[in-house]
Amino acid sequence: QLQASGGGLVQPGGSLRLSCVASGSIFSINVMGWYRQAPGKQRELVATMSSGGITTYRDSVKGRFTISRNNARSTVYLQMNSLKPEDTAVYYCDLNQKAMDYWGQGTQVTVSS
């Protein structure tokens, strides 16, 4: 089970920090990450981080978003700075382990003046 939090309404240029806590059977080797889905669009990868610390980012968020995790707490974070209106979406956290994906419920991020 994944529980995401931290979304909200922010002005362009602002910041938000998303958190996602995983519970249940968590294996030591996994990848946790964030995806987003805007209205009328497909879900897209935002950032991922492996249990070993390897990160990936989509190009449009590089330099603005930072993913981190606390393995002891099975928690993944997404620090989002310099937010733009095009970052508006529902953000979902994902846990990938043993070739299975587990999704959180999503948290709305709205960037608007």
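What radius of gyration does the protein chain have, with 113 residues? The protein chain has 13 Å, which agrees with the value near 13 Å for a compact globule of 113 residues. The radius is taken over C-alpha atoms, and the globule rule is 2.2 Å times the number of residues to the power 0.38.

This is a predicted model, in which local features need pLDDT of at least 70 and side-chain atom pairs count only at pLDDT 80 or more, while totals for chains, interfaces and linings use all residues. Residues are numbered from 1 along each chain as its sequence is written, and side-chain values use heavy atoms, with hydrogens and water left out.

**Whole chain**

Start with the whole chain in cartoon view. The protein chain has eleven strands and zero helices. Helices (H or I, at least four residues) and strands (E, at least two) are DSSP runs, numbered from the N terminus. Show the C-alpha atoms next: they fill a box of roughly 40 × 25 × 20 Å, taken along the principal axes.

Switch to a surface view. The accessible surface of the protein chain is about 6,100 Å², and carbon and sulfur atoms hold 49% of that surface. Such areas come from the Shrake-Rupley method with a 1.4 Å probe; for residues, only the protein chains shown count as cover. Of the 113 residues, 40% count as buried. Buried means under 20% relative accessible area, exposed over 50%, and partly exposed in between (1.4 Å probe, protein chains only).

**The disulfide**

Select Cys20 and Cys93. Their sulfur atoms are 2.0 Å apart and form a disulfide, which is a pair of cysteine sulfur atoms within 2.5 Å. By this rule the count comes to one disulfide. Cys20 lies in strand 3 and Cys93 in strand 9 (residues 89-97), so the pair ties together parts that are 73 residues apart in sequence. The link of Cys20 and Cys93 is right-handed, with 50° about the S-S bond. Cys20 is buried at 0% relative accessibility, and Cys93 is buried with a relative accessible area of 0%.

**Ser19**

Move to Ser19, in strand 3 (residues 16-22). Is Ser19 buried or exposed? Ser19 has a relative accessible area of 17%, so it is buried. Contact means heavy atoms within 4.5 Å. Leaving aside neighbours within four places in sequence, the contacts of Ser19 include Gln3, Trp34 and Tyr77.

**Gln11**

Select Gln11, in the loop between strand 2 (8-10) and strand 3. Gln11 counts as exposed because its relative accessibility is 54%. Beyond its neighbours within four places in sequence, Gln11 is in contact with Val111 and Ser112.

**Two serines in loops**

Go on to Ser74, in the loop between strand 7 (65-70) and strand 8 (75-80). Ser74 is not a glycine, although it has a positive phi of about 50°. At 15% relative accessibility, Ser74 is buried.

End at Ser82, in the loop between strand 8 and strand 9. Ser82 has a positive phi of about 50° and is not a glycine. With a relative accessible area of 41%, Ser82 is partly exposed.
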